[in-house]
Every structure is written in structure tokens, then in C-alpha cells.
Amino acid sequence: MSVWDDARLRLDGLPDGRGLNIAHEAVDRHVIRGHGDRLALRFLRRDGSVGDLSYRDLGRDSSRFANGLDALGICPGDVVATLLERVPELYVTAFGTLKARAVLCTLYAAFGPEPVRVRLAKGRVKVLVTTAAQYARKVEPVRRELPDLTSVIIIDGDPPPGTAGWQQLMSAASDRWSIPATSEDDPALIHFTSGTTGTPKAALHVHQAVVAHEATAVAVLALGPGDVFWCTADPGWVTGVSYGIVAPLVCGATGIVDEAGFEPERWYRILAEQRVSVWYTAPTAIRMLIKAGDTLPRRHDLRALRVAASVGEPLDAGAVLWGREALGQPFHDTWWQTETGAIMIANRPGEPIRPGAMGRPLAGVEAAVVTRHQDGEAVRIEPTEGSGELALRAGWPSMFRGYLGDDARYRAAFAGGFYLTGDLVRRDGDGWFWFVGRADDVIKSAGRLIGPIEVESVLLQHPAVAEAGVIGLPDPTVGEMLKAFVTLKDGIAGDAALGRDILAHARRRLGPATAPREVVFRPALPKTRSGKIMRRLLKARELGLPEGDLSTLEDEPAASSAPPEAKASS
Ligand code: WT7
């Protein structure tokens with residue numbers, strides 16, 4: 001039996017057979033079953049204080065928000081976005097939106113104005129919930145370019161002109177709301193992700209995804225009522241929604257939300273004081289904990305910890321075993337993507353771990369290793385021995401159902417009944433999958449997927465820059481670090497000051513998480529005959545690796561004297 005079938009038996013469905021809605025499974029059904037007093041979410045504030053929301057609180061507040069959306073004229077299918085840090089209003093918005101059958105899109109709060117504008121436009125966002133400061137810096141200046149954005153709700157302070165206040169909206173609304181009939185295929189969530197070409201992709205998920213959230217939380221994280229679960233991912237990314245918001249609550253557990261950022265001492269204190277029993281985190285954080293040394297974990301009582309798991313980047317064998325030594329639990333590596341919506345391949349608790357491997361496909365997931373052939377427009381796949389692209393048989397419950405406004409791109413992601421992941425993997429003789437690399441030019445930095453084009457297009461907005469190519473270079477902590485190669489406009493000479501100015505420009509527009517850390521000037525960039533910058537070649541040259549197939553390379557001008565480089569200070 002697949003893990004999906006198991007999960008379906010444990011889910012309730014809306015009363016009177018009115019379908020399946022994520023918010024009902026995560027919140028309301030627990031209240032109906034008499035568990036309203038149970039702690040749903042515990043917020044650990046920066047100042048050390050704690051804020052608790054019971055399942056009943058969350059049920060009522062999210063019903064109020066659903067009524068508020070209704071009063072704003074929001075209809076099923078309309079998109080509601082958040083641009084918020086990890087505050088209670090984000091979680092209330094999430095479930096209120098789903099209760100209203102609107103579509104939730106959480107935007108990463110550390111994004112600069114450019115990624116925010118692009119996503120609000122592409123997602124055709126109608127309602128945005130944010131803070132006064134975020135609004136003033138990132139949204140108000142471009143509001144006229146966002147015709148779909150009809151309502152902005154400000155959670156703090158006096159709402160500026162053209163916006164509404166959270167308090168007013170909530171206090172005017174009833175806390176009773178009956179979720180309208182919801183089909184499993186109704187849109188529920190949008191997650192932005194990055195590809196090699198074009199603008200970011202808006203992956204659409206439906207209410208049926210909750211089957212996979214529940215199934216994987218049980219099968220891979222062993223979550224259940226009574227567990228204290230801490231997912232360290234930011235809710236602005238898919239992990240922070242699937243496992244930071246939905247999964248723990250569907251399972252009736254308590255979710256810990258840390259409003260502050262990473263800090264080793266604080267993190268160990270949270271694990272110990274909150275008696276975290278299941279912990280889902282990421283390799284960059286694990287590497288930083290390893291760096292911080294083994295005395296810190298020894299000073300904390302971590303005996304409540306039952307399962308530790310990791311996602312987002314390759315987790316090396318050493319880190320898996322460090323967990324066993326230092327925390328008393330090995331890390332279970334898990335693999336999935338924005339498009340898969342939930343864990344697909346994992347080292348499962350209770351089974352022997354294979355350190356360094358991503359794991360094995362869950363029961364109900366059919367994973368294949370294939371080679372892609374491009375026959376004109378059409379893509380054909382062929383099973384391959386050794387390493388190849390990871391492909392998944394289409395049809396699992398949390399499979400994305402489209403890229404908003406990009407039908408062709410969606411279709412191109414499938415071939416022969418399989419979804420093509422863009423990851424290169426190897427399957428060993430026992431059926432374990434090992435990560436090999438990406439098949440394309442996207443970059444993984446601190447667990448975040450970054451599309452080079454989005455960064456390059458911001459670099460091109462700098463008045464001195466003529467062309468830009470961005471690559472990821474290996475970094476011992478964050479996995480990959482962004483490095484930019486640029487050519488300058490005629491007559492402009494590159495020096496360190498200009499380099500710093502370009503990096504500062506990129507940081508301002510993109511935000512710290514997606515801005516390059518280094519820039520170097522080049523007289524020319526390697527390009528294909530059709531004019532595309534060959535990032536693969538930039539990277540191979542930077543790392544001293546074989547240059548590979550150069551048949552499409554355009555003739556390059558002779559190299560001039562050594563180009564100046566600039567590094568960002570942080
Ligand atoms: C990409 C997806 C997974 C949800 C959060 C990120 C890489 C993911 C692993 C792993 C090696 C991994 C892949 C994948 N990735 N998990 N266990 N080992 N690489 O979702 O931002 O869509 O990123 O993250 O390259 O395609 P995402």
C-alpha cells in the first residue's frame with residue numbers, strides 16, 4: 001500500500017462529503033474532535049518571550065481572516081500573498097486564505113524590491129499582507145505597476161493611504177466561517193521557484209497536496225499528536241509551508257516557530273527547553289552547528305529529540321554521523337523540490353541510514369534515472385544505467401499542477417508520463433539514490449534555489465554593466481556562493497570601487513540572500529553562437545575543470561591583462 005493510501009484513511013474530509021480542504025485537515029478537525037485546547041503553534045520571540053496559539057485560537061482567527069477576505073470581495077482562486085517574517089499573522093493568513101478557498105503565496109521577507117515586484121506581478125496577487133516598513137520600501141513605489149493588487153493589509157501601526165489595517169479587518173469580522181465545498185483539485189498554494197531561463201516560476205499546488213503532507217510527515221518524520229516539531233525553514237519557501245505550517249498541524253503536533261535567526265547557542269536552547277522531539281533542518285545550518293563545536297550540544301539536554309532530518313542540499317556522510325555523536329540522533333537526509341510539494345526520497349527513521357545518500361523513494365513514489373533527448377520541441381526519455389536525470393512517475397498528490405502563466409514550461413517538465421526534476425543522481429544496486437549535481441545552471445546557496453537570470457537582470461540595471469553571467473562556486477558553509485562575471489560599457493574602466501558599487505546595487509535590489517558575493521570584470525564573456533552566455537564554461541574555467549563540448553562557442557577575443565575583482569564585505 002502506498003503512503004498516500006495510508007494517509008487518506010487518516011484524513012477526515014470536509015463535513016457532509018463537501019471535499020478536502022487543507023485548513024480543515026490542519027486546524028478545524030482537531031477542534032471538532034475536542035482537541036481545541038491543544039497547542040498548535042508556539043512563537044519564540046526575539047526578546048525571549050513566548051506566544052502560544054491553540055488549535056481553537058488558530059481556528060477562530062483564521063475564520064475571522066476568511067470573513068475579512070470575503071468582505072474585501074475576494075473570490076475562490078484569488079491569490080493572497082504574505083510578505084512577513086515568522087509572525088502569528090502569517091499563519092492566520094495562511095489558514096484563513098485556504099478556508100476562503102483563495103490561494104496562498106508566501107513571499108520571502110528578506111527579498112529586495114525587485115524579486116518582490118516580479119513575484120507580485122507574475123502571481124497576479126490580489127491581497128498582500130505585510131508590515132508598514134516592507135510596504136513602504138518594496139511595494140508602494142511600484143504599486144501602480146501591479147493592477148491586480150486590490151488590497152494591502154498592514155499588520156503593524158497605522159495603515160498608510162491605500163492600505164487597510166489588520167486589527168480593523170479582524171475585529172470587524174466574525175470568528176465563525178463554514179469552509180465552502182472544496183474539490184481536491186482546487187488551487188491552494190503557489191510557490192515561486194527558479195529555473196535557468198526567464199522569470200521565476202510560480203508552481204501551483206492543489207488541496208489534494210495535504211494527502212502528501214500528512215503521509216510524508218508520518219512516514220518520514222514519524223510525526224504524531226504530542227510531538228513538538230521544529231522546522232527551521234522560513235515560510236517564504238516551500239519547506240516552511242509544507243512542513244513549517246501544514247504538516248505538523250495536520251498530524252496534531254505542536255509547531256515551534258523561531259522568530260529570530262540562526263544562532264548556535266539559541267538553537268540548542270530551543271531544542272532543549274522546548275523539548276523538540278522531531279527536528280527538520282538544512283545542511284547549511286548543520287554545517288554551521290558543526291563549526292560551532294561539540295561543547296555547546298553537550299551543555300544542553302537533547303534527550304527529547306527522537307528524529308532529526310535534513311533537506312535542501314546534499315548532506316555529507318560526516319554531517320549525518322556528527323548528528324549521532326553530538327545530538328544523539330543521526331540526520332536523516334530527505335529529497336524533494338518545490339514542484340514535488342512533499343518529500344519523495346528519504347532515509348526513513350527505524351530503517352538503517354545510508355550516510356551520504358538521499359535515501360530511497362517512498363512507497364507510492366516511482367523514481368527513475370533517465371537520459372533526456374530533445375527531438376525538436378518534443379522531449380523523449382530513456383532509462384539509463386549509472387548516473388542520469390532523476391524522473392518521477394507523474395500523479396502523486398502534491399505534484400504541482402502548473403506554472404502560472406507558463407503552460408509551455410509546465411508541459412516541457414514532463415515526458416513519457418514522468419516529471420523531470422533537473423537533478424542528476426545515481427542509483428546504487430540496492431535502490432538508494434545519491435545526489436550528483438544539477439542538470440542546469442540554477443544555483444543552491446544556503447538551501448535557496450537561485451535563478452541566474454534573475455540576478456543577471458538586476459546587474460544589467462547598473463549603469464556601468466553591459467553583460468553579466470552568474471554562477472555558483474563551491475562554498476564550505478552555504479554550499480554554493482554566487483559569483484558574477486560582467487563586461488562593462490564602452491569607455492568605463494573596472495576598478496575595485498566600481499565592483500563594490502555593483503555589489504551594493506545588487507544587494508539593495510535583490511536582498512542579501514540572492515545577491516552575488518563577488519564580481520569580476522572581463523573584456524568579454526564566453527557565448528554560444530546564438531548569443532547565450534555559457535555559464536557552464538565560466539564555471540569550468542573558474543574551477544579548472546574540463547571545458548567540455550565547445551562546439552557552440554562563439555570565437556572569443558584574446559584575453560587581456562588580469563581583470564580586477566571585488567568581494568562583498570559580508
Ligand atoms: C532542489 C530543490 C526540498 C524542498 C526545499 C527546496 C536540491 C533538495 C536535496 C538533498 C541534495 C537536494 C535539489 C533539488 N535538493 N534536497 N537531500 N540532497 N540536493 O526546494 O528550492 O525547489 O530546491 O534542491 O537540487 O532539485 P527547492
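## Ligand shell

By class, the shell around the ligand holds 8 nonpolar, 6 polar and 5 charged residues. Here Ala, Val, Leu, Ile, Met, Phe, Trp, Tyr, Cys and Pro count as nonpolar, Asp, Glu, Lys and Arg as charged, and the others, Gly among them, as polar. This is a predicted model, in which local features need pLDDT of at least 70 and side-chain atom pairs count only at pLDDT 80 or more, while totals for chains, interfaces and linings use all residues. Residues are numbered from 1 along each chain as its sequence is written, and side-chain values use heavy atoms, with hydrogens and water left out.

There are 19 residues around the ligand, and Thr334, Trp336, Gln337, Thr338 and Lys444 come nearest; a residue is near a molecule if one of its heavy atoms lies within 4 Å of it. Strand 14 gives the most to this shell, with 3 residues.

## Ligand contacts and burial

A polar side-chain atom of Arg438 lies 2.9 Å from an oxygen atom of the ligand. A backbone N or O atom of Gly312 lies 3.2 Å from a ligand nitrogen atom, and for a backbone N or O atom of Glu313 the distance to a nitrogen atom of the ligand is 3.3 Å.

Taken alone, the ligand exposes 560 Å², of which the protein buries 97%. Accessible areas come from the Shrake-Rupley method with a 1.4 Å probe; for residues, only the protein chains shown count as cover. Helix 9, strand 14 (331-335) and strand 23 (433-438) are the elements that give two or more residues to the shell around the ligand. Helices (H or I, at least four residues) and strands (E, at least two) are DSSP runs, numbered from the N terminus.

## Cavities

The whole structure contains 3 cavities of 30 Å³ or more. On a 1 Å grid over the protein atoms alone, a cavity is a set of points where a 1.4 Å probe fits but cannot get out, and a pocket is an open set with protein on both sides within 12 Å along at least five of seven lines; lining residues have an atom within 4 Å of a point. Grid points are joined across faces, edges and corners, and a volume is the space filled by probe spheres set on the points.

At least two lining residues come from each of strand 10 (228-231), helix 9 (238-250) and strand 11 (254-258). The lining has 10 nonpolar, 3 polar and 2 charged residues.

The second largest cavity has a volume of about 60 Å³. Its lining includes Phe111, Arg119, Trp237 and Leu449, and strand 4 (103-107) and strand 8 (187-193) are the elements that give two or more residues to it.

## Second largest pocket

The second largest pocket holds about 360 Å³ of space. Of its 17 lining residues, Asp28, Ser63, Lys99, Asp175 and Trp177 lie nearest its centre. Helix 2 (22-32) and helix 3 (55-71) are the elements that give two or more residues to this lining, which divides into 6 nonpolar, 4 polar and 7 charged residues.

Note on methods. Polar contact = N/O pair within 3.5 Å; in protein donor to acceptor, adjacent residues only side chain to side chain.
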